[in-house]
Amino acid sequence: MALFPASNPFRHWRGSEARASCAGLDIRADRVRLALLRRRRHHLELELLAEHVFDSAVCEGGQIGDFELLAQGCRELLRSRQVDAGGLAIAVSTETAPIPLVLPAASDDVQRLAQVRSALAAYGFSADEYAFDYIVAGAAPASPADVQVLALAIPALMVEDRLALAEALQTPLRAMPPENWCTAGFLRGSREDAVLRVDASGAWLSLQPCEYRPLRRMPSASPIDLLHELAPLLRRPPRRLLLTGDSDDLDAVAAAISKYAGITTAIAALPARIRLAGTLARNVLPLELPPFHCALALAAEGLA
(Lines give C-alpha, C1' and ligand atoms only; values in the text may rest on other atoms or scores of the structure.)
Protein backbone atom coordinates (compact mmCIF):
# COMPACT_ATOMS: atom_id res chain seq x y z
CA MET A 1 0.00 0.00 0.00
CA ALA A 2 3.01 2.33 0.28
CA LEU A 3 2.62 5.27 -2.05
CA PHE A 4 4.02 5.14 -5.56
CA PRO A 5 5.27 2.18 -7.58
CA ALA A 6 9.04 1.86 -7.83
CA SER A 7 9.06 3.37 -11.31
CA ASN A 8 7.55 6.62 -10.02
CA PRO A 9 10.20 9.33 -9.50
CA PHE A 10 8.64 10.39 -6.19
CA ARG A 11 9.72 7.08 -4.63
CA HIS A 12 13.45 7.71 -4.91
CA TRP A 13 13.80 7.89 -1.11
CA ARG A 14 12.81 4.27 -0.50
CA GLY A 15 15.87 2.09 0.06
CA SER A 16 16.29 -1.66 0.37
CA GLU A 17 18.23 -1.60 3.63
CA ALA A 18 16.78 -3.30 6.70
CA ARG A 19 14.62 -0.92 8.71
CA ALA A 20 14.94 -1.33 12.45
CA SER A 21 12.63 1.52 13.48
CA CYS A 22 10.25 4.04 11.99
CA ALA A 23 8.34 7.06 13.30
CA GLY A 24 4.87 7.70 11.92
CA LEU A 25 3.97 11.41 11.77
CA ASP A 26 0.23 12.08 11.59
CA ILE A 27 -0.17 15.74 10.60
CA ARG A 28 -3.51 17.23 11.65
CA ALA A 29 -4.84 20.77 11.36
CA ASP A 30 -3.36 22.06 14.62
CA ARG A 31 -1.11 19.25 15.83
CA VAL A 32 1.20 16.44 14.84
CA ARG A 33 1.05 13.00 16.45
CA LEU A 34 3.98 10.62 16.56
CA ALA A 35 4.23 6.86 17.07
CA LEU A 36 7.61 5.10 17.14
CA LEU A 37 7.74 1.41 16.24
CA ARG A 38 10.83 -0.78 16.44
CA ARG A 39 11.23 -4.15 14.75
CA ARG A 40 11.86 -7.06 17.06
CA ARG A 41 12.39 -10.68 16.01
CA HIS A 42 8.76 -11.71 15.61
CA HIS A 43 6.82 -8.53 16.28
CA LEU A 44 6.83 -4.74 16.22
CA GLU A 45 7.25 -2.94 19.53
CA LEU A 46 5.57 0.40 20.20
CA GLU A 47 8.10 2.50 22.10
CA LEU A 48 6.61 5.99 22.10
CA LEU A 49 3.43 7.99 21.57
CA ALA A 50 3.62 11.78 21.63
CA GLU A 51 2.02 14.87 20.11
CA HIS A 52 2.86 18.52 19.58
CA VAL A 53 -0.01 21.05 19.55
CA PHE A 54 0.36 24.32 17.62
CA ASP A 55 -1.15 27.68 18.50
CA SER A 56 -2.55 28.00 14.96
CA ALA A 57 -3.43 25.73 12.05
CA VAL A 58 -0.52 24.33 10.06
CA CYS A 59 -2.42 22.04 7.68
CA GLU A 60 -5.81 22.01 5.95
CA GLY A 61 -7.16 19.26 3.75
CA GLY A 62 -3.77 17.60 3.69
CA GLN A 63 -2.05 20.73 2.35
CA ILE A 64 0.64 22.17 4.62
CA GLY A 65 0.01 25.87 5.17
CA ASP A 66 2.82 26.94 7.52
CA PHE A 67 5.77 24.72 6.63
CA GLU A 68 8.31 26.42 8.91
CA LEU A 69 6.03 26.21 11.95
CA LEU A 70 5.30 22.54 11.25
CA ALA A 71 8.97 21.68 10.75
CA GLN A 72 9.95 23.46 13.96
CA GLY A 73 7.23 21.70 15.92
CA CYS A 74 8.32 18.31 14.57
CA ARG A 75 11.95 19.06 15.47
CA GLU A 76 10.94 19.96 19.03
CA LEU A 77 8.83 16.81 19.31
CA LEU A 78 11.62 14.53 18.10
CA ARG A 79 14.28 16.31 20.17
CA SER A 80 12.30 16.52 23.42
CA ARG A 81 11.43 12.83 23.28
CA GLN A 82 14.93 11.86 22.12
CA VAL A 83 13.45 9.95 19.19
CA ASP A 84 15.99 7.73 17.41
CA ALA A 85 14.13 6.71 14.26
CA GLY A 86 15.61 5.02 11.22
CA GLY A 87 13.00 6.65 9.04
CA LEU A 88 9.73 8.55 8.81
CA ALA A 89 6.34 7.73 7.33
CA ILE A 90 3.97 10.60 6.55
CA ALA A 91 0.50 10.32 5.01
CA VAL A 92 -0.96 12.11 2.02
CA SER A 93 -4.63 12.90 1.42
CA THR A 94 -6.53 12.10 -1.76
CA GLU A 95 -8.45 14.99 -3.33
CA THR A 96 -10.87 12.81 -5.29
CA ALA A 97 -12.31 9.33 -5.14
CA PRO A 98 -10.06 6.65 -6.67
CA ILE A 99 -10.80 5.66 -10.25
CA PRO A 100 -11.28 1.88 -10.74
CA LEU A 101 -9.42 0.28 -13.64
CA VAL A 102 -9.11 -3.30 -14.85
CA LEU A 103 -5.56 -4.19 -15.94
CA PRO A 104 -3.82 -7.44 -16.94
CA ALA A 105 -2.57 -9.37 -13.91
CA ALA A 106 0.73 -10.03 -15.67
CA SER A 107 1.55 -6.34 -16.20
CA ASP A 108 4.48 -4.94 -14.23
CA ASP A 109 4.78 -1.67 -12.28
CA VAL A 110 5.99 0.31 -15.28
CA GLN A 111 3.12 -0.88 -17.50
CA ARG A 112 0.49 -0.29 -14.81
CA LEU A 113 1.75 3.17 -14.01
CA ALA A 114 1.67 4.08 -17.72
CA GLN A 115 -1.95 2.91 -17.93
CA VAL A 116 -2.84 4.76 -14.73
CA ARG A 117 -1.29 7.96 -16.07
CA SER A 118 -3.22 7.62 -19.32
CA ALA A 119 -6.52 7.00 -17.50
CA LEU A 120 -6.07 9.89 -15.07
CA ALA A 121 -5.05 12.24 -17.87
CA ALA A 122 -8.39 11.45 -19.52
CA TYR A 123 -10.07 12.67 -16.31
CA GLY A 124 -8.20 15.98 -16.53
CA PHE A 125 -5.35 15.32 -14.08
CA SER A 126 -2.14 16.92 -15.33
CA ALA A 127 1.17 15.17 -14.75
CA ASP A 128 2.64 18.61 -13.97
CA GLU A 129 0.29 19.14 -11.04
CA TYR A 130 -0.31 15.61 -9.73
CA ALA A 131 1.66 12.55 -8.75
CA PHE A 132 -0.05 9.34 -9.81
CA ASP A 133 -0.29 6.11 -7.86
CA TYR A 134 -2.42 2.99 -7.76
CA ILE A 135 -3.54 0.33 -5.31
CA VAL A 136 -4.25 -3.24 -6.43
CA ALA A 137 -7.66 -4.05 -4.97
CA GLY A 138 -7.73 -7.72 -6.02
CA ALA A 139 -8.84 -9.94 -8.86
CA ALA A 140 -11.27 -8.44 -11.36
CA PRO A 141 -14.74 -9.94 -10.63
CA ALA A 142 -15.51 -11.08 -14.16
CA SER A 143 -11.99 -11.72 -15.46
CA PRO A 144 -9.61 -13.96 -13.48
CA ALA A 145 -6.70 -13.00 -15.77
CA ASP A 146 -7.03 -9.34 -14.76
CA VAL A 147 -6.78 -7.30 -11.56
CA GLN A 148 -8.83 -4.38 -10.35
CA VAL A 149 -6.69 -1.32 -9.74
CA LEU A 150 -7.67 1.91 -7.98
CA ALA A 151 -5.93 4.88 -9.59
CA LEU A 152 -5.06 7.86 -7.38
CA ALA A 153 -4.11 11.45 -8.15
CA ILE A 154 -2.12 13.14 -5.37
CA PRO A 155 -1.29 16.87 -5.64
CA ALA A 156 2.42 17.12 -6.45
CA LEU A 157 2.84 19.98 -3.97
CA MET A 158 1.60 17.71 -1.17
CA VAL A 159 4.21 15.11 -2.07
CA GLU A 160 7.00 17.68 -2.39
CA ASP A 161 6.13 19.23 1.00
CA ARG A 162 6.45 15.86 2.72
CA LEU A 163 9.75 15.13 1.03
CA ALA A 164 10.95 18.57 2.14
CA LEU A 165 9.75 17.96 5.71
CA ALA A 166 11.72 14.71 5.96
CA GLU A 167 14.77 16.51 4.59
CA ALA A 168 14.33 19.31 7.14
CA LEU A 169 14.16 16.70 9.91
CA GLN A 170 17.24 14.94 8.48
CA THR A 171 15.48 11.57 8.54
CA PRO A 172 14.81 9.33 5.51
CA LEU A 173 11.22 9.15 4.33
CA ARG A 174 10.26 5.46 4.16
CA ALA A 175 6.61 5.61 3.10
CA MET A 176 3.95 8.09 2.04
CA PRO A 177 0.63 6.18 1.90
CA PRO A 178 -2.92 7.59 1.62
CA GLU A 179 -4.06 8.16 5.21
CA ASN A 180 -7.48 6.53 4.99
CA TRP A 181 -6.40 3.26 3.31
CA CYS A 182 -3.33 2.96 5.50
CA THR A 183 -5.30 3.35 8.75
CA ALA A 184 -8.18 1.09 7.70
CA GLY A 185 -5.85 -1.62 6.41
CA PHE A 186 -3.81 -1.53 9.62
CA LEU A 187 -6.84 -1.96 11.89
CA ARG A 188 -9.00 -4.31 9.81
CA GLY A 189 -8.78 -7.86 11.15
CA SER A 190 -10.40 -9.45 8.09
CA ARG A 191 -12.07 -8.47 4.82
CA GLU A 192 -15.44 -8.75 6.58
CA ASP A 193 -14.59 -5.94 9.02
CA ALA A 194 -15.45 -2.30 8.39
CA VAL A 195 -13.56 0.67 9.88
CA LEU A 196 -15.19 3.92 10.99
CA ARG A 197 -13.03 6.93 11.82
CA VAL A 198 -14.70 9.62 13.95
CA ASP A 199 -12.68 12.77 14.55
CA ALA A 200 -13.55 16.07 16.14
CA SER A 201 -13.42 17.53 12.61
CA GLY A 202 -15.21 14.84 10.59
CA ALA A 203 -15.60 11.14 9.84
CA TRP A 204 -15.16 8.48 7.17
CA LEU A 205 -16.22 4.88 6.67
CA SER A 206 -14.27 2.05 5.03
CA LEU A 207 -16.61 -0.87 4.33
CA GLN A 208 -14.08 -3.02 2.51
CA PRO A 209 -10.37 -2.97 1.71
CA CYS A 210 -9.18 -0.11 -0.52
CA GLU A 211 -12.52 1.73 -0.15
CA TYR A 212 -13.71 4.61 1.98
CA ARG A 213 -16.54 7.12 2.10
CA PRO A 214 -16.25 10.59 3.66
CA LEU A 215 -19.19 11.38 5.94
CA ARG A 216 -20.88 14.71 6.52
CA ARG A 217 -20.79 14.43 10.32
CA MET A 218 -20.26 17.76 12.06
CA PRO A 219 -18.22 18.00 15.28
CA SER A 220 -21.37 18.78 17.29
CA ALA A 221 -23.35 15.81 15.91
CA SER A 222 -24.60 13.23 18.39
CA PRO A 223 -23.97 9.48 18.02
CA ILE A 224 -27.61 9.10 16.95
CA ASP A 225 -27.16 11.73 14.20
CA LEU A 226 -24.12 9.80 12.97
CA LEU A 227 -26.12 6.57 13.05
CA HIS A 228 -28.80 8.13 10.82
CA GLU A 229 -26.14 8.95 8.21
CA LEU A 230 -24.59 5.48 8.49
CA ALA A 231 -27.88 3.57 8.26
CA PRO A 232 -28.19 3.47 4.44
CA LEU A 233 -24.50 2.55 4.13
CA LEU A 234 -24.81 -0.38 6.53
CA ARG A 235 -27.74 -2.16 4.91
CA ARG A 236 -25.36 -5.03 4.28
CA PRO A 237 -23.81 -5.11 7.76
CA PRO A 238 -20.13 -5.97 8.21
CA ARG A 239 -19.01 -8.74 10.54
CA ARG A 240 -17.65 -6.07 12.87
CA LEU A 241 -17.42 -2.29 12.82
CA LEU A 242 -14.12 -1.06 14.24
CA LEU A 243 -13.82 2.52 15.51
CA THR A 244 -10.86 4.86 15.42
CA GLY A 245 -10.27 8.61 15.68
CA ASP A 246 -9.83 11.35 18.27
CA SER A 247 -13.50 11.99 19.11
CA ASP A 248 -14.44 11.85 22.78
CA ASP A 249 -17.66 10.06 21.73
CA LEU A 250 -16.16 6.79 20.49
CA ASP A 251 -17.63 4.74 23.34
CA ALA A 252 -21.05 6.37 22.87
CA VAL A 253 -20.89 5.79 19.09
CA ALA A 254 -20.02 2.12 19.63
CA ALA A 255 -22.91 1.70 22.07
CA ALA A 256 -25.42 3.42 19.76
CA ILE A 257 -24.50 1.38 16.68
CA SER A 258 -24.45 -1.89 18.63
CA LYS A 259 -27.84 -1.17 20.21
CA TYR A 260 -29.81 0.31 17.33
CA ALA A 261 -28.15 -1.27 14.27
CA GLY A 262 -27.41 -4.64 15.80
CA ILE A 263 -23.84 -4.59 14.50
CA THR A 264 -20.95 -5.71 16.69
CA THR A 265 -19.10 -2.42 17.19
CA ALA A 266 -16.02 -1.68 19.27
CA ILE A 267 -12.96 0.56 19.37
CA ALA A 268 -10.33 -1.10 17.19
CA ALA A 269 -7.63 -3.03 18.98
CA LEU A 270 -4.03 -2.97 17.86
CA PRO A 271 -3.03 -5.82 15.53
CA ALA A 272 -1.51 -8.84 17.29
CA ARG A 273 1.92 -8.12 15.79
CA ILE A 274 2.11 -4.82 17.72
CA ARG A 275 3.27 -5.02 21.33
CA LEU A 276 3.61 -2.17 23.79
CA ALA A 277 6.99 -1.55 25.42
CA GLY A 278 7.00 -1.97 29.19
CA THR A 279 6.55 1.68 30.09
CA LEU A 280 3.66 2.17 27.65
CA ALA A 281 2.00 -1.08 28.67
CA ARG A 282 1.88 0.16 32.26
CA ASN A 283 0.85 3.76 31.59
CA VAL A 284 -1.25 4.00 28.40
CA LEU A 285 -5.00 3.52 28.74
CA PRO A 286 -6.91 1.82 25.88
CA LEU A 287 -8.90 4.99 25.13
CA GLU A 288 -5.65 6.93 24.64
CA LEU A 289 -4.66 4.79 21.64
CA PRO A 290 -7.34 5.59 18.98
CA PRO A 291 -6.10 9.16 18.29
CA PHE A 292 -2.71 7.60 17.47
CA HIS A 293 -3.98 4.80 15.22
CA CYS A 294 -3.03 6.70 12.07
CA ALA A 295 0.50 7.45 13.30
CA LEU A 296 0.86 3.78 14.26
CA ALA A 297 -0.38 2.64 10.86
CA LEU A 298 2.15 4.93 9.19
CA ALA A 299 5.04 3.64 11.28
CA ALA A 300 4.06 0.04 10.48
CA GLU A 301 3.90 0.90 6.78
CA GLY A 302 7.37 2.38 6.98
CA LEU A 303 8.67 -0.94 8.36
CA ALA A 304 6.87 -3.08 5.78
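Q: How many bridges pair β7 and strand β9, and in which sense?

A: Two strands pair if DSSP finds at least two bridges between them. Here β7 and β9 (residues 143-155) are joined by six bridges in the antiparallel sense. Strands are DSSP runs (E, at least two residues) and helices too (H or I, at least four), numbered from the N terminus. Keep in mind that this is a predicted model: local features need pLDDT of at least 70, side-chain atom pairs count only at pLDDT 80 or more, and totals for chains, interfaces and linings use all residues. Residues are numbered from 1 along each chain as its sequence is written, and side-chain values use heavy atoms, with hydrogens and water left out.

Q: Which residue of β9 stands opposite leucine 103?

A: That's valine 147.

Q: What is the strand order of the open sheet?

A: The order is β7-β9-β8, three strands with antiparallel pairing. β7 (99-104) and β8 (130-140) are the edge strands, each pairing on one side only.

Q: Which strands does helix α2 lie across?

A: Contact means heavy atoms within 4.5 Å. Angles run from 0 to 180 degrees between N-to-C directions, with axes fitted to C-alpha atoms, for helices over the stretch in contact. Helix α2 (residues 109-122) lies across β7, β8 and β9, at about 110 degrees to β8. Helix α3 (residues 156-168) also packs on the sheet, where it touches β8 and β9.

Q: Is serine 21 buried or exposed?

A: Buried means under 20% relative accessible area, exposed over 50%, and partly exposed in between (1.4 Å probe, protein chains only). Serine 21 is buried, at 5%. Its contacts include Leu36, Asp84 and Leu303.

Conventions:
Lists of a residue's contacts leave out its neighbours within four places in sequence.
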